[in-house]
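User: I am learning how structural terms are applied. Please go through them with me, one at a time.

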Amino acid sequence: MLSQLQRLSQEIDGRYATDSELQFLTEIAQTYHLRAQTYQKLQAAEAAIVQQLQAKMQALDPTLFRSGSEDVTAKWKRDTLRVLRYSAIAMLLNDPDTLRDRLLFWMQTVMKAFGAQRSCNVTYELMQDIVKQHLTAPQAKLFCPILELNRRSLGIS
Amino acid sequence: MTTATARPNLRNPKKHNHYGFREFFQFDPDKGTIVDWNGSQNILTTEDFIIGLVEGLQDEVGDAAAATMYTIGCEWGQKDAFFFESWFEKEYDRSIRQANLMFLLETWWWPLAAQGWGRWEVDMGDRKQGFMFINLFDSAVARTLGDVGKPVCYLYAGLFSGFFTELVRKQLSCIELQCYSMGETYCKFLLGGRDRIDAATFWQTEGANARDIEKRLRAGELR
């Protein structure tokens, strides 16, 4: 939304915006209540989501938390929390462009440098299943595309 | 273009993902300055500036323009290596010698990418043989000059040579093997010891392309 607002204010240079240019504001107004509810639910469920995810990944493949001989569980947890919080605000403001610009482009190069793409791929794929247990179907429909964006950005070389 | 000045953003100095346009650059309309996250003063330039620099130098020194740009790049790279070492240690609380090498290199390049020097990809597959390749996408110089049928990114080759020489504390040279200005989709640089770069330069003047040169280097040829 912020990126779209910024673009709108730059493009509307001394004229009135057209209906189609204002369409995104109508959509935001219509979904804002749902977005705010989803955001609050994610905030409340953050610890449970990450804990469930960690357990599921550990059961699936413990090497997902290893980088060579190093245990990177704490690093994974820190990164996952950070991405989750950025994702939540991106969903609230309907602004995946800002998520990309401020976090994902940078993080993609870091994950590649550490060879963590396989772990990221699993993380953001399984996270979609887990958030569905905490959110209603319409809420998950808003949030899962953001998690999928994370998976595609961080998980695949 | 940058020069070091006071660090602008002390609000969250340990934040690492700070390369978004509005976050990385601090615009001060009163002073008329643009200072980046690491405290470097930046100057915005147009493509005309780059054309003026390259063509002006060509007019002044003729064929020596390429070597001059390379030397400017080397000095820039060496200075930037020291500057990088200092901000990296402040931001990450560790020496550059203790960091994962690929992470270190990406961290060095991020401010340059944010400043418009293009994205890069480092290929360290041949590191043990004493050379490596760097692919550069959206070179500011090549993009500006367009298809002129020859490599033009001497400034970048110098930058890589200067930076990596300081980083590994061993004299390294660099040559651009293929360039966007030769109609290629991206620029490719070879970084290594003097003997290998001299060999690559020789093969290039004999008409070898990037792929031929890669093949000959991997086969261990030195002319």
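User: Why does B:Lys15 count as buried?

Analyst: This is a predicted model, where local features need pLDDT of at least 70, side-chain atom pairs count only at pLDDT 80 or more, and totals for chains, interfaces and linings use all residues. Residues are numbered from 1 along each chain as its sequence is written, chains are lettered from A and ligands numbered from 1 in the order in which they are written, and side-chain values use heavy atoms, with hydrogens and water left out. Now the term: buried means under 20% relative accessible area, exposed means over 50%, and partly exposed lies in between (1.4 Å probe, protein chains only). B:Lys15 has 13% relative accessibility, so B:Lys15 counts as buried.

User: What makes B:Lys15 and B:Glu23 a salt bridge?

Analyst: The rule asks for a side-chain nitrogen of Lys or Arg within 4 Å of a carboxyl oxygen of Asp or Glu. Here the N to O distance is 2.4 Å. The pair therefore meets the rule. B:Glu23 is buried too, at 11% relative accessible area.

User: Which residue of chain A does B:Glu23 bridge to?

Analyst: A:Arg102. The closest N and O atoms are 3.4 Å apart. Between chain B and chain A the count is one salt bridge.

User: How do you know that the two chains touch, and how many residues take part?

Analyst: Contact means heavy atoms within 4.5 Å. By that rule, 14 residues of chain B are in contact with 13 residues of chain A. Helices here are DSSP runs (H or I, at least four residues), strands are E runs of at least two, and both are numbered from the N terminus. The two chains also have four residue pairs in polar contact (both at pLDDT 80 or more). Helix 4 of chain B gives the most to the side of chain B that touches chain A, with four residues.

User: What is a polar contact?

Analyst: A pair of N or O atoms within 3.5 Å. Within protein, one must be able to donate a hydrogen and the other to accept it. Residues adjacent in sequence count only if both atoms are side-chain atoms.

User: What area do chain B and chain A bury between them?

Analyst: About 1,100 Å², 57% of it on carbon and sulfur atoms. Buried area is the accessible area (1.4 Å probe) that two parts lose on being put together, summed over both. In chain B, the residues that lose the most area to chain A are B:Asn17, B:Phe103 and B:Trp110. Together they make up 46% of what that side buries.

User: What does the A:Glu46 salt bridge with A:Arg85 tie together?

Analyst: The closest N and O atoms of this pair are 2.7 Å apart. A:Glu46 lies in helix 2 and A:Arg85 in helix 3 (residues 73–92) of chain A, so the pair ties together parts that are 39 residues apart in sequence.

User: What separates A:Arg82 and A:Asp79?

Analyst: About one helical turn, because they are three residues apart in helix 3 of chain A.
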